[in-house]
Amino acid sequence: MNALERYHLWLGSPLVDENTKTELYAIKDDMNEIVERFYTGLSFGTAGLRGVIGAGDNRMNVYNVRRATEGLSRYLKELSDKPISVCIAYDSRRFSDLFARESACVLAAHNIKVYLYSTLHSVPQLSFTIRHLGCAAGIVITASHNPPKYNGYKVYWSHGGQVAPKEADAITEKIKAVPDFETAYIDYVTAVKEGRIVLIGEDVDEAYYAATQSLLLQPELVRRKGKYLKLVYTPLHGSGNVPVRTLLNRIGISSVSVVREQENPDCTFPTVTAPNPEDPATFTLAKRLANKNGATVILATDPDSDRLGVAVKKTDGEWAVLTGNQIAGILLHSLLCGYQSTGRLPKDGLVVKSLVSTRLADAICKKFNVEIVEVLTGFRFISEQIDYCERTHERTFLFGFEESYGFLAGGFARDKDAICASMLIAEACVVYKERGMTLYDALMEIYKTYGYFKEKVTSYTLEGKAGTEKIQAAMVSLRNDPPKQVGGTSVVRTEDYLKTELTKLPPSNVLRYSLENGAWIAVRPSGTEPKLKLYIGGNAATEAEVDALLSTLFNDMNARLETLLNK
């Protein structure tokens, strides 16, 4: 069927509710909008669904959520004839609680036991809970840091990490086989009464807190001196408010000021354009509060609390909003120093990072004689490495990160954990404060020790069908005509991550170029947003030199991509 036929199918179905039909009737004279909503189904991409909320095949709504859960249920039932369970969490986005409940009702109708959070909870807590309760899978209703019009549906597997490509493909096929609007379903109240849906209690939260708190390297120091650290925190209207504040208080960080305007859950995210800790503008209200209270560090978590942003006070009184790579550098160096000083650094330690993340981590790991492994973008690939370590005992996982503000230590959760990272950053602040240093001083010390490794990341947003086509066309053009020089420097190696025989990794739509001067460039479409992403990294003896290098490389690549995307 074409888009118009699909539109009329929705309008004519007796299984579609009247409110949805009213929404669709309102666009009957807007063919462009009909095409955008119905030209394709919502793709089950990076571990699940993500899209604009609304009626239609290419939108987030109860029908697509039910259908995805029906496909997941069928696949899970095929894998085992034994009783299985799935746990579900949700964040503060519009309809998140509804989508979570609808998912639970479909699973319960398949006699799959559901553990459902009754209040908003974070991604890392869900990831932890899967393993804690021995579930076969998990679902989180969230669109992470996207603008308010989005929501999403993320699927996790029994190891606590996001579902792998093989399983995602199998689930996709099951979803495609589900007839329109025809899914198994049981009334929520009935399912709870019969014990098919069980609400998760505080004991699970306590288990998560205890596991996370065990990762502290100098707990006694933090307990004694933590109260002197003035810190500002903002949950950006999301799920981090309770767990982050609870954990910080328990370890001794008691002087925490919360941005009141952003404290409570709000699906409209009224104080920000998007609740994204990667955006420096997100820190505007927090900076104002920090300046008033004399704080030297600000923490910000996104709505599902898997990403952490950090701003630190510089010696001149100005604020520096750290990049994800800079936060990772501080966390990694602090962890390895702490492990080494307490005699806990294992000989088989392992650090894992995505292929578009900073090479400062490589330099730090080399000094500490710790192995570092590079994986594809997507935290599920890091969680696979953790799972492998646990199953084989060949390595001891220490730390994993992505440049997109995702960090994980310990491996109790198996996805990005901004709650744990908040605790570890706070500990690092206390440790450096004992040396008379701020977190910014610590970053400068790391640069002076290992060299000035810096990166520049930018995104090109192109929404809708036309945008998707332009992004794909740009990638094809780069493959057909790869750059031989960038910014006057020769490209000495081109890596196409669709060619698995060369990369030894699963296929991924990524191109990476290594330059003669040691710099690198990567280009990839986002797996969760309508964006083409450009990454540039380099290092030099001074900050001014590396900044100049990145500027030259960016100007060249930006011009190339702008031309390709505007064809």
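Let's begin with how helix axes are described: axes are lines fitted to C-alpha atoms, for helices over the stretch in contact, and angles run from 0 to 180 degrees between N-to-C directions. Helices here are DSSP runs of H or I with at least four residues, strands are runs of E with at least two, and both are numbered from the N terminus.

A word on where this comes from. The model is predicted, so local features need pLDDT of at least 70 and side-chain atom pairs count only at pLDDT 80 or more, while totals for chains, interfaces and linings use all residues. Residues are numbered from 1 along each chain as its sequence is written, and side-chain values use heavy atoms, leaving out hydrogens and water.

Now find helix α16, residues 418-434. Of its 17 residues, 14 are buried, so α16 is largely enclosed by the rest of the structure. Buried means under 20% relative accessible area, exposed over 50%, and partly exposed in between, with a 1.4 Å probe and protein chains only. Just after α16 comes Gly436, with a positive phi of about 75°.

How do α13 and α16 pack? Helix α13, residues 324-341, meets α16 at an angle of about 70°, and the axes are 10 Å apart. That makes α13 roughly perpendicular to α16, a label for angles of 65 to 115 degrees; under 35 is roughly parallel, over 145 roughly antiparallel, and the rest oblique. The contact (heavy atoms within 4.5 Å) includes Ile327 and Leu331 of α13, and Leu424 and Tyr432 of α16.

How values were computed
The expected span of a helix is 1.5 Å times one less than its number of residues.
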